[in-house]
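This briefing covers selected helix contacts and the surroundings of a ligand. Please consult the sequence and structure shown here alongside the points that follow.

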Amino acid sequence: MILGGDRGVVPPGQTEPMTLGEAVTPETQPISQPQRIDRYVGQYAERAVDMVASEIRALFAVAARPEIVSLAGGSPYVAALPLDVVGDMIGQLIASQGATALQYCTAQGDARLRERICDVMALEQVRAHPDEVVVTVGSQQALDLMARIFIDPGDVVLVEAPSYVGALGAFAAYQADVVHVAMDDDGLIPEALEEAIRRAAAAGRRAKFLYTVPNFHNPAGVTLAAGRRHRILDICRRAGLLVVEDNPYGLLGFDGEPMRALRADDTEGVVYLGTFSKTFAAGVRVGWAVAPTAIREKLILAAESAVLCHSSFSQLTVREYLDTQPWYEQIKDFRELYRERRDATLSALSRMMPPGCRWTRPTGGFYVWLRLPDGINAKAMLPRAISSRVAYVPGTGFYADGSGAQYARLCYSFPAPDRIGEGIRRLASVIETEVQLRDDFGPAH
Ligand code: PMP
């Protein structure tokens, strides 16, 4: 928490692992020492003052240690790609098209890549023209650009409860007033959405947009039921509320065909965000937004001021991959891999979790949302879990108001199934100890 609490006082070499009990030794300190007192403390823009490290960033350094089973990260298993083939493809790309791949391009993105993106979205029944697509640096940049063009300090944004930590960070950076809307096993609850819109209106405020992850939600692992999709769109249409549909996992469903995107039924009221991070490679950092014309123009202007243009090299790499490789077969392989890991997770949870735990049963994507027994705090428990060599993300990271302490996000995409089983065994034993402490000393032990 570099700027939290004691604003401006930055312990040398501070990284969040300190909060997890890791000592900072002279060997782990950076060579150029940060100053203890931030001499610019009074000069930051107001929006920078409250910027804090996300819960996930806090975990990465610790969770990467080999002895720890990390159910924290959220990283796709890119090692399942045919890396030698991708390497050869990139070599040939530079040899044959290097002068373009290593050059600037337009802020909207490579035209042929945008055509191929439309083919990908057709799998979810989105009919888009390449001109409607803006390429971004992962969908994270699209979130930042959306916040940049829509949010003034204090503006209301509606999000699910819980919501994706990276989106919360992007909205917080523009000082949004984030309002959570309840979900259940079928995703966002239409009545709760109506109520949130009504409350904002009663307070004389109008939400700028609804941010939603309809498929295989991060972190909740649930999917918006087909029967709710039209209702959600109707409610938003009536309220004049823009929908931001963030869909990184839509093609990673384990049963049947991909769900129909919200954007497929409303081209004027929905901005659709996609990414190649989970279906190809997160490291290429290629995502996109499809938006109504006026919004698209603003997104392009905002992207220009942020990055001039996105990496030509990354874009052409993705384009080449889609043009020359069996990308849809690869997605099917990813699905099978993640299905196996999901199965390992659910089976270990039902065999080992103590009474009082509940969890969601994802039908795609990467995440299970685990509710701990009453009185157990996932954030307080984390250092003890790390000592027991298992990591997860406490639920508090997924709420703008810091609630969610009784929940943990478990991500099964990265560890092998036997490691998942071992991680859940360790976690179950940590929870059992916590329950024992709760029973002996009360919830606030
Ligand atoms: N949205 C959601 C819901 C995500 O889970 C992620 C990745 N964890 C992103 C957006 C950002 O992905 P990227 O920037 O890699 O496209």
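Helix 5 and helix 10 are roughly perpendicular to each other, a term for angles of 65 to 115 degrees. The model is predicted: local features need pLDDT of at least 70, side-chain atom pairs count only at pLDDT 80 or more, and totals for chains, interfaces and linings use all residues. Residues are numbered from 1 along each chain as its sequence is written.

**Helix 5 and helix 10**
- The axes of helix 5 (residues 138-150) and helix 10 (residues 293-307) cross at roughly 110° and come within 9 Å; axes are lines fitted to C-alpha atoms, over the stretch in contact for helices, with angles from 0 to 180 degrees between N-to-C directions.
- Helices are DSSP runs (H or I, at least four residues) numbered from the N terminus.
- From helix 5, Leu145, Arg148 and Ile149 meet Lys298, Leu299, Ala302, Ala303 and Ala306 of helix 10, contact meaning C-beta atoms, placed from the backbone, within 7 Å.
- This contact of helix 5 with helix 10 comprises 6 nonpolar, no polar and 2 charged residues (Ala, Val, Leu, Ile, Met, Phe, Trp, Tyr, Cys and Pro count as nonpolar, Asp, Glu, Lys and Arg as charged, the others, Gly among them, as polar).

**Ligand shell**
- The ligand is surrounded by 14 residues, the closest being Gly138, Gln140, Asn218, Thr275 and Ser277; a residue counts if its C-beta atom, placed from the backbone, lies within 6 Å.
- Helix 5 gives the most to this shell, with 3 residues.
- By class, the shell has 9 polar, 4 nonpolar and 1 charged residues.

Notes
Helix = DSSP H or I, 4+ residues; strand = E, 2+ residues; numbered from the N terminus. Parallel < 35°, antiparallel > 145°, perpendicular 65-115°, else oblique. Contact = placed C-beta atoms within 7 Å.
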